Amino acid sequence: MKPQSQSSTPSYKINCRMSQEAAALERLCQVVRIRGFRIATMAVESAGEHLDITLTLEGTRPIAMLQSQLEKLHTVAEVALGQGSGVRVQTA
């Protein structure tokens with residue numbers, strides 16, 4: 001892995017709610033990786049039948065592209081972009 005300077009790589013915060021299902025977290029992480037982002041921090045809380053996930057991501061690609069791909073996962077119920085964007089999308 002190549003170390004990257006944090007000052008040159010944009011950082012994003014995403015809040016995601018998804019169903020607790022086998023391999024759901026693995027699919028989420030795979031989409032993040034395939035779309036060109038690196039997970040800097042990840043916090044997961046169990047909330048009944050759902051998982052509430054907070055991700056801090058680093059990457060140079062458009063974050064809207066990643067948001068769109070996460071929304072397509074059948075286990076994802078909601079995706080919200082952080083950093084004061086106020087964008088909140090309900091998918092299921």
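**Fold order.** I read along the sequence and found the pattern β-α-β-β-α-β-β. That gives two helices and five strands, taken as DSSP runs numbered from the N terminus (helices: H or I, at least four residues; strands: E, at least two).

**Ground rules.** I am working with a predicted model, where local features need pLDDT of at least 70, side-chain atom pairs count only at pLDDT 80 or more, and totals for chains, interfaces and linings use all residues. Residues are numbered from 1 along each chain as its sequence is written, and side-chain values use heavy atoms, with hydrogens and water left out.

**Whole protein.** I noted that 32% of the 92 residues count as buried (buried is under 20% relative accessible area, exposed over 50%, partly exposed in between; 1.4 Å probe, protein chains only). The exposed surface comes to about 5,700 Å², with carbon and sulfur atoms supplying 50% of it (Shrake-Rupley method, 1.4 Å probe). Among contacts (heavy atoms within 4.5 Å) between residues at least 6 apart in sequence, 59% join residues at least 24 apart.

**Helix H1.** Next I looked up residues 24–34: which of them are buried? I found Ala24, Leu28, Val31 and Val32. They line one face of the helix, because seen down the axis of H1 they fall within an arc of 100° (from the directions from the helix axis to the C-beta atoms). My reminder to myself: an α-helix has 3.6 residues a turn, so residues three or four places apart point the same way.

**Around H1.** The buried residues pack against strands E1 (11–19), E2 (38–47) and E3 (50–58), and against helix H2 (63–71). On the other side of H1, I found Glu26 and Arg33 exposed. Just after the helix, Gly36 takes a positive phi of about 90°.
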